[in-house]
Amino acid sequence: MIEVRVLRGLAAITAALAGAPEAWAQQQIASVQRIEPQGTRQQLPGGPEALKLGSGLFNNDVIETSPRGRVDVAFADGTRLGVGPSSQVTLDSYVYRPGGGGASAALGMAKGAMRFISGNVQRDGMRITTPTATIGIRGTDFVVTVTPAGATRVRVDQGAVVL
């Protein structure tokens with residue numbers, strides 16, 4: 001008798017969650033502010049989908065741009081990311097706590113170029129990993145380039161980075 005009640009309870013919970021897919025949905029972490037002429041996002045293991053102005057971005061999204069493409073992304077804490085032509089950037093993780101600990105994020109960059117302008121990130125809360133370097137951010141504006149050979153170059157316009 002108890003087993004039947006437990007099974008009925010589990011069935012009711014399963015039905016409720018199945019009827020509310022938003023309970024399983026990821027939280028949007030950023031949005032596309034500009035796109036020229038094209039770029040994609042991919043949530044592995046799925047296939048790439050074309051980005052549009054205002055497209056939402058999520059943890060673990062892989063952003064790729066065409067040879068002449070550019071994608072500008074805005075995060076909730078004011079951080080801005082400009083992804084240049086022929087680039088691939090992964091939004092590994094992003095957590096924002098308004099009024100609390102600011103934001104923390106980890107990005108991966110496989111190739112291409114990107115400009116990063118920090119918003120309300122924690123002093124040690126941001127990391128960018130490339131094939132040859134890990135970059136820690138100290139409230140700054142900088143450009144990262146990963147060459148076809150995999151070398152990492154950083155140009156700091158304002159603030160400081162730790163390489």
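The tour runs from the whole chain to single side-chain pairs.

**Before you start**

This is a predicted model: local features need pLDDT of at least 70, side-chain atom pairs count only at pLDDT 80 or more, and totals for chains, interfaces and linings use all residues. Residues are numbered from 1 along each chain as its sequence is written, and side-chain values use heavy atoms, with hydrogens and water left out.

**Stop 1: the whole chain**

Show the cartoon. You will find one helix and twelve strands. Helices (H or I, at least four residues) and strands (E, at least two) are DSSP runs, numbered from the N terminus. Along the sequence, the pattern reads α-β-β-β-β-β-β-β-β-β-β-β-β.

The accessible surface of the chain comes to about 9200 Å². Carbon and sulfur atoms hold 54% of that surface. Accessible areas come from the Shrake-Rupley method with a 1.4 Å probe; for residues, only the protein chains shown count as cover.

How much of the chain is buried? Of its 163 residues, 39% are buried. Buried means under 20% relative accessible area, exposed over 50%, and partly exposed in between (1.4 Å probe, protein chains only).

Look at contacts too, meaning heavy atoms within 4.5 Å. Take the contacts with a separation of 6 or more: 40% of them involve residues 24 or more positions apart.

**Stop 2**

Select residues 70-75, which are strand S6. Five of the six residues of S6 are buried, so the strand is largely enclosed by the rest of the structure.

S1 and S6 pair in the antiparallel sense over six bridges. Two strands pair if DSSP finds at least two bridges between them. Arg 34 stands opposite Asp 72 in S6.

Ala 74 has Arg 80 in S7 as its bridge partner. Zoom in on the hairpin of S6 and S7, where four residues lie between the strands. There, Gly 78 takes a positive phi near 100°.

**Stop 3**

Side chains of opposite charge can pair when their charged atoms come close. The cut-off for a salt bridge is a side-chain nitrogen of Lys or Arg within 4 Å of a carboxyl oxygen of Asp or Glu. By this rule there are seven salt bridges.

Show the side chains of Asp 72 and Arg 34. They meet in a salt bridge at 3.3 Å, N to O.

Now show Arg 70. Its side chain meets Asp 72 in a salt bridge, 3.3 Å from N to O. Which of these residues is buried, and which are partly exposed? Asp 72 is buried, at 18% relative accessibility. Arg 34 is partly exposed at 32%, and Arg 70 is partly exposed at 28%.

**Stop 4: strands S9 and S11**

Select residues 102-117 (S9) and 134-146 (S11). Show Arg 115 and Asp 141. Their side chains form a salt bridge of 2.5 Å, N to O. Arg 115 sits in S9 and Asp 141 in S11, so to speak of distant parts: they are 26 residues apart. Arg 115 is partly exposed at 36%, whereas Asp 141 is buried at 9%.Return to Stop 3 for a moment: salt bridges that share partners join Arg 34, Glu 36, Arg 70 and Asp 72 into one network.

**Stop 5: the aromatic pairs**

Show the rings of Phe, Tyr and Trp (its six-membered ring). They pair if their centres lie within 6.5 Å; planes under 30 degrees apart count as stacked, over 60 as edge-to-face and the rest as tilted. This rule gives two aromatic pairs.

Select Phe 75 and Tyr 94. This pair is tilted: 4.9 Å centre to centre, with 40° between the planes. Phe 75 lies in S6 and Tyr 94 in strand S8 (residues 88-97), so the pair ties together parts that are 19 residues apart in sequence. Both Phe 75 and Tyr 94 are buried.

Finish with Phe 116 and Phe 142. Their ring centres are 5.4 Å apart and their planes stand at 40°, so this pair is tilted. Phe 116 in S9 and Phe 142 in S11 link distant parts of the chain, 26 residues apart. Phe 116 is buried at 1% relative accessibility, and Phe 142 is buried at 0%.
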